[in-house]
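Please open the structure in your viewer and keep the selection tool at hand. The stops below say what to select next and what is there.

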Amino acid sequence: MKPNYTELFAALSPEAALIVGALLVVVLDLTLGRKKIAEARWHAAVRIALLAVGLAGCFTFASGRPGAEFGGAFMLDALAQATRYSVLVLAALSLALLPGTARMRHPAEFVAVVLFATAGFSVMATAQNLLIAFLALELASLSLYVLAGFDKTRPESAEAALKYFLFGGVSAAFLLFGFSLLYGLTGSIELNVIARELGAQAASPLLVVALVMVLVAFGFKAAAVPFHLWAPDVYQGAPAPAAALIASASKVAGFTFFARLLWSGTGASSGQAPAWMLTLAILAGASLLLGNVAALAQRNLRRLLAYSAIAHAGIMLLGVMTGTRFGPGALLYYTFTYGLATVGTFGVIAIIERAGRCQDLDDLAGLYRRSPLLAGCLLMFVLSLAGIPPLAGFFGKFLLFSQALRLTGLTGPAGWLAIAAIALSAVALYYYLIVLKRAFVTPAVAGTEARIAVPLKPALALLLAAALLLALGVFPSSALRLVT
Amino acid sequence: MGHLLFNVIALFTLIAAVGVVVNKNAVNASLCLLLSLVGVAGLFVGLEAYLLAFLLLLVYAGAIVALFLFIVMLLDTKGDARPTLNRLPAAARVLAVGLVGAGFVSFLTRGRLPEPDLTKVPALGADLKLYAYQLFTTYLLPVQILGFLLLIAMIGVIVLSKKFEGLEDIK
């Protein structure tokens, strides 16, 4: 096969735009930005980065010819394109939060690493080949480890980065083991060939071992129990914009990547329930239970968000199970709207942090008086996470649960999980409402009543996220049509 | 003969790898890693992938393990007493041994890789020209991605390891 590089470049022009943007940010900061004050450097870096992300969005629109690219190494289908858009939107929102929030050194490096991570997510969304998929995953993960440790004024940030890196490294090793076994079983690293070969073979214990290893890495990426231990520490320690990216865009790309791997690569090409279904159901059930129950005990707002993320990961795993029959639409809709709400919540945290502390739930006290805008946005995001109509979080849950009930009926594992998830949503509502109670009812502690100034860009980002949540919740079918 | 050689080298590699994990002295552990890598290179030679064996020795055994040793020496870590795994509950031990045992049994009874059709496997690891050609055509993109991966690692190391000077001037 003679590779066609023009086609390859056309297919990957969004990633090229992101990477060129990242290099430009660093180079311009090192040449023109040396004498400027930090605030101006942050604004300049973020402006270039937003331009690069916007350009990447346009290129994604232009590269829309669906089909396999570069000898089957990439797949530009509806799922890939929709994931790319989602990742770009979430990355742009995280970037727009930066100028108002960051009190870190090295603005250009932070922004450049965010862009590299976004490029990694974007390649993950399209990869159809184990080698490229693994490299894209590592490109994104390595960037996220660096971002988690960026705030050198707080030791928690270093702790978060170290824990994230150690867990991530081990999970990457597991993934490589799994991939090498898959290669050994099928003799190919391309997903469609692997699917064909596995469909022709009888089930072997080696395949089970390979799948278990892949699921370990998936569990880490999704922060599913029992691979969730990094999440609370990372959410607590990482700088807020980095935590926003880790919690949102990384989740969307990770779920698309692993779901594609499980569906097409090792899925049920013979029509029976795939071997990984039961394991995934156990992971999902454990995540739902532990995430929701542990969140009740949290006094730290960020740790609460982390445990709620673990619970949401359980629901998303349910989406991976239902996707085998009903397509990827519901899963992607859920992860994207969850990402929007999480970016928004971390954005609110980041802006409050600029004026003081925002770690404990008590730090939210009196938010309604201190900044009605932030309190209003927080209301939208938290209610969407809780799944209250007409916000998008409700429709995502509704769609996934109804699909799960239709998949196996009330008695199958998916049905059980859906019922458990509905019951635990009531538990989740309790801790989400506690957050809102602190923000809206509890009066501010003496000495912290000063109003919080909200800079323009972060304010616009928060309003955009809230508007998207409302719009997607009111018109879900138009968003779903993009995917299917 | 080939099988015997494979078994001997594989056993050697595994023993060295176990040595990396159980050695309390970091220098000894690094040297065990070196031995294990030499074993893997031996396996590559057995597969007639001489180029890969050579690269493995050159890059990993030569450069990377030497780097490990440098860093170990710089950090000057003694093989201190460290918490042992003795506090593991008995139930967890039984479970772990049981799972590993079940895995072994199922491997021995049912685990058979499909016999590879050697004519279909391209011998890319033997010839430098073929290998390089593949790197610059089929695997061009992975090589590029790897380049950016290293760039991120470099930026990360520079940013994270730079001396912290206080933030008064940028507040």
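**A loop in chain A**

Begin by selecting Ala223(A), which lies in the loop between α9 and α10 of chain A, where helices (H or I, at least four residues) and strands (E, at least two) are DSSP runs numbered from the N terminus. Although Ala223(A) is not a glycine, its phi is positive, at about 60 degrees. This is a predicted model, in which local features need pLDDT of at least 70 and side-chain atom pairs count only at pLDDT 80 or more, while totals for chains, interfaces and linings use all residues. Residues are numbered from 1 along each chain as its sequence is written, chains are lettered from A and ligands numbered from 1 in the order in which they are written, and side-chain values use heavy atoms, with hydrogens and water left out.

Next select Pro226(A), found in the loop between α9 (205-222) and α10 (230-237) of chain A; the peptide bond joining Val225(A) to Pro226(A) is cis, with omega about 5 degrees. Then move to Pro390(A), in the loop between α17 (372-386) and α18 (392-408) of chain A, where the bond from Pro389(A) is also a cis peptide bond, with omega near 5 degrees.

**The second largest pocket**

Select Glu138(A), Leu142(A), Tyr145(A), Phe165(A) and Ala153(B), which lie nearest the centre of the second largest pocket among its 22 lining residues. A pocket here is an open set of points on a 1 Å grid over the protein atoms alone, where a 1.4 Å probe fits, with protein on both sides within 12 Å along at least five of seven lines, and lining residues have an atom within 4 Å of a point. Its volume is about 650 Å³, counted as the space filled by probe spheres set on the points, which are joined across faces, edges and corners. Which element gives the most to this lining? It is α6(B), with 9 residues.

**A pair of rings**

Over all chains, a search of the whole structure finds 17 aromatic pairs, that is, rings of Phe, Tyr and Trp (its six-membered ring) with centres within 6.5 Å, called stacked if the planes are under 30 degrees apart, edge-to-face if over 60 and tilted otherwise. Select Tyr145(A) and Tyr164(A): their ring centres are 5.1 Å apart and their planes at 90 degrees, so the pair is edge-to-face. Tyr145(A) lies in helix α6 of chain A and Tyr164(A) in helix α7 of chain A, so the pair ties together parts that are 19 residues apart in sequence.
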